[in-house]
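Hi,

Here is the structure you asked about. Please have it open while you read the notes below.

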Amino acid sequence: MVVKILSAATIGLDVFKIEVEVDITNSLPQISIIGLGDAAISEAKERLKLAIKNSAYSFPQTKVVINLAPADLKKEGAAYDLAMAAGILTKEGVILNEPNNIAFIGELSLDGSIKPVHGVLPIVFGLKNLGIKKVIIPYENLKEASFAENIEILGAKNLCEVVNHLNTGEPLQTIKQNIDDFITMDKEYGTDFKYIKGQKFAKRALEIAAAGAHNVLMAGSPGSGKTLLAKAFPSILPPLSKDEAIEITKIYSIAGLLDYNNPLISERPIRAPHHSASAAGIIGGGSNPKPGEITLAHRGVLFLDEMPEFPRSVLEVLRQPVEDGEVTISRAQTSIKYPANFILLGAMNPCPCGFLGDKKVECKCSEFQINRYRNKLSGPLLDRIDIHIDVPRLDEDELLEQNTEAESSIEVRKRVTRAREIQLERYKSEREKGEKIFTNSELNPKLIRKYCNLKTDAKEMLKNASKTFNLSARGFDRILKISRTIADLDEKEDILASHIAQALQFRGYGGV
């Protein structure tokens with residue numbers, strides 16, 4: 001009789017139930033593993049033999065056939081070791097009863113201990129949705145999986161503990177943690193707005209960007225404070241919701257970037273790849289594509305310092321994710337969709353030497369050099385960046401100023417959080433219809449017309465601006481979305497002319 005043990009596979013963030021089928025035939029002793037596994041699964045033959053032997057159990061002296069079903073689904077990694085061992089031991093009669101509705105996840109060491117694996121959190125949530133009631137996982141993954149509800153999660157240190165639990169009911173380790181205990185509203189950051197001198201215009205732009213999740217491009221001379229502002233930007237972002245924290249933690253679990261002792265991602269991520277990063281590194285890649293930088297920045301910030309130094313081909317791959325909030329990676333055998341809803345924060349010099357428009361240092365670049373440098377950022381990409389601002393160099397008086405009344409990041413964060421709450425409530429009905437709308441930056445043209453209500457004088461101002469600056473349709477919509485965010489910060493239901501005027505400034509018309 002064939003023994004069937006449950007496990008799971010991940011493709012992207014999707015989880016699929018895997019049946020590990022084990023049978024024994026009268027033939028020369030060997031192990032045959034079938035079912036479209038990779039090299040790590042093929043190598044499991046030796047791990048299984050020695051792990052079972054060193055746990056003081058006997059290994060079958062006949063041919064063991066293991067099938068990972070469904071056979072047309074690619075399986076990768078060593079997470080199926082524990083399920084295969086449980087199947088063999090059940091077939092041998094060491095495990096007295098075939099485990100029903102229990103999934104097994106874990107890699108076996110040669111001494112029978114169970115090693116941690118990547119992707120446990122999404123696997124546990126996925127198995128719960130598939131109706132599995134109980135999961136046995138490596139002990140070191142227990143904290144990571146402890147945030148899942150309505151499913152029994154047990155941690156085992158070695159194969160003997162699993163056998164004893166299944167045969168005698170000997171308890172395994174279990175942990176339950178509350179996400180709320182890890183998320184704080186008033187966290188203080190090392191880089192705070194109150195420590196940044198001057199730059200009130202840039203700070204206001206970043207406040208609007210944080211409130212509506214708008215993309216920002218900062219241009220200014222070297223040393224003007226662009227990178228410092230970017231480092232301080234996460235300090236004004238609203239705290240993560242429980243759902244967002246779980247969503248981000250799932251991504252980092254798949255990517256293998258979790259700390260097993262502190263596994264919950266409780267702060268909005270900020271990713272700052274070097275300009276030598278490849279397109280695959282930015283959007284994700286591999287035979288079974290793993291998350292790239294834009295997915296690791298989901299619900300957080302992707303900071304591109306010295307943006308024109310990135311290869312144009314790398315920057316152009318950002319166009320679709322910036323617009324859609326997700327990225328689809330296609331391979332010959334599969335197509336995987338990852339979330340990529342991030343705030344793009346870019347910084348650049350105004351010219352190759354960096355001093356175009358500087359008050360003190362003369363620019364030495366020719367017009368051709370300046371145009372070639374700026375043309376590294378294509379028009380379609382720039383059109384997808386909502387806010388364009390100039391960050392001028394501070395003068396001596398501003399640098400020497402000892403202003404103790406500068407607004408702190410916590411104060412700004414409170415306004416940003418209130419604006420986000422207004423947006424969440426406003427778009428609640430849209431989410432109930434299936435639209436994934438949480439912030440103003442995610443509004444589509446249809447919803448812009450519905451929610452961006454303009455006063456008469458605001459309509460007239462926007463009409464004149466459209467003629468003067470020759471706004472594209474996308475640029476027109478982005479002005480409305482920025483204005484909607486400014487109105488939310490002012491807690492106004494309708495968009496006023498003053499909101500339109502501010503939005504035009506932050507789009508770089510008359511500025512960058």
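What does the accessible surface of the protein chain come to, and what percentage of it belongs to carbon and sulfur atoms? The surface comes to about 23300 Å², and carbon and sulfur atoms hold 49% of it. Please keep in mind that this is a predicted model.

**Overall picture**

The protein chain has 512 residues, and 52% of them are buried. Along the principal axes, its C-alpha atoms fill a box of roughly 85 × 45 × 45 Å. The chain contains 22 helices and 18 strands. Take the contacts with a separation of 6 or more: residues 24 or more positions apart account for 74% of them.

On charge, the protein chain carries 66 positive and 67 negative charges.

S10 covers residues 216-219. With S17 (residues 343-348), S10 pairs in the parallel sense over 4 bridges. With S18 (residues 387-390), S10 also pairs in the parallel sense, again over 4 bridges.

In S18, Val216 stands opposite Ile387.

Now the side chains of S10. Val216 and Met218 point one way from the strand. Leu217 and Ala219 point the other way. Are these four buried or exposed? All are buried.

**Cysteines**

How many disulfides does a search of the whole structure find? The search finds 0. Cys353 is in no disulfide, and the nearest cysteine sulfur, that of Cys351, is 3.5 Å away.

Two cysteines have accessibility values to note. Cys353 has a relative accessible area of 28%, so it is partly exposed. Cys452 has a relative accessibility of 8%, so it counts as buried. The cut-off for buried is under 20%.

Best wishes

Definitions and conventions: Residues numbered from 1 in each chain as written. Predicted model: local features only at pLDDT ≥ 70, side-chain atom pairs only at ≥ 80, totals over all residues. Heavy atoms only, no water. Disulfide = S-S within 2.5 Å. Buried < 20%, exposed > 50% of the residue type's maximum accessible area, 1.4 Å probe, protein only. Helix = DSSP H or I, 4+ residues; strand = E, 2+ residues; numbered from the N terminus. Contact = heavy atoms within 4.5 Å. Areas by Shrake-Rupley, 256 points an atom, 1.4 Å probe, with all protein chains shown as cover. Lys, Arg positive; Asp, Glu negative; His and termini not counted. Charge placed at Lys NZ, Arg CZ, Asp CG, Glu CD. Pairing = 2+ DSSP bridges.
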